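Please look over the sequence and the structure shown below before reading on.

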Amino acid sequence: MPRYMTMIRIDEDSLPPEGLGPEFGERMGALFEEITKAGVMLDTAGLKPTAEGTRATWSGGKISYTDGPFTEAKEVVGGYSILQAKDMAEALEWVRRFLEIHPENLTVTTEVREIVEG
């Protein structure tokens, strides 16, 4: 069965400083429990803010490092998951359910790509 990586992109500046609240966490926890029991979720995690990250860039035969925050990026990868689904349509159905849990005033984009096997 194919595996898919989802990259959850968010605008860090749009997140409320107090977080998304306990109801959001409960809804997300219930979905994660369901998708894990269904054998679809293989791994998932959120990522710390870009202010705590570093970018490594290879260019012109040299490596350079840039400490966050990355002001030139409006949207950043805020988390990921690895799904195992029968096809892209099934993976996108789980992604739809994940996105609909989020508050309407947030913009969250999830890129879904099949993992190359072998």
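## The model and its numbering

This is a predicted model, in which local features need pLDDT of at least 70 and side-chain atom pairs count only at pLDDT 80 or more, while totals for chains, interfaces and linings use all residues. Residues are numbered from 1 along each chain as its sequence is written, and side-chain values use heavy atoms, with hydrogens and water left out.

## The largest pocket

The largest pocket holds about 610 Å³ of space. A pocket here is an open set of points on a 1 Å grid over the protein atoms alone, where a 1.4 Å probe fits and protein lies on both sides within 12 Å along at least five of seven lines; lining residues have an atom within 4 Å of a point. The volume is the space filled by probe spheres set on the points.

Its lining consists of 35 residues, and I8, G46, G78, G79 and F98 are those nearest the centre. Strand 5 gives the largest share of this lining, seven residues; helices (H or I, at least four residues) and strands (E, at least two) are DSSP runs numbered from the N terminus. By class, 23 lining residues are nonpolar, ten are polar and two are charged, where Ala, Val, Leu, Ile, Met, Phe, Trp, Tyr, Cys and Pro count as nonpolar, Asp, Glu, Lys and Arg as charged, and the others, Gly among them, as polar.

In soluble globular proteins, nonpolar side chains tend to be buried together. Leaving aside residues up to four places away in sequence, I35 touches V40, M41, L83 and W94, with contact meaning heavy atoms within 4.5 Å.

## Buried and exposed residues

T6, which lies in strand 1, counts as buried because its relative accessibility is 2%; buried means under 20% relative accessible area, exposed over 50%, and partly exposed in between, with a 1.4 Å probe and protein chains only. The side chains of T6 and S81 are joined by a polar contact of 2.5 Å, that is, a pair of N or O atoms within 3.5 Å, of which, within protein, one must be able to donate a hydrogen and the other to accept it, and residues adjacent in sequence count only if both atoms are side-chain atoms.

W58, in strand 3, counts as exposed because its relative accessibility is 61%.
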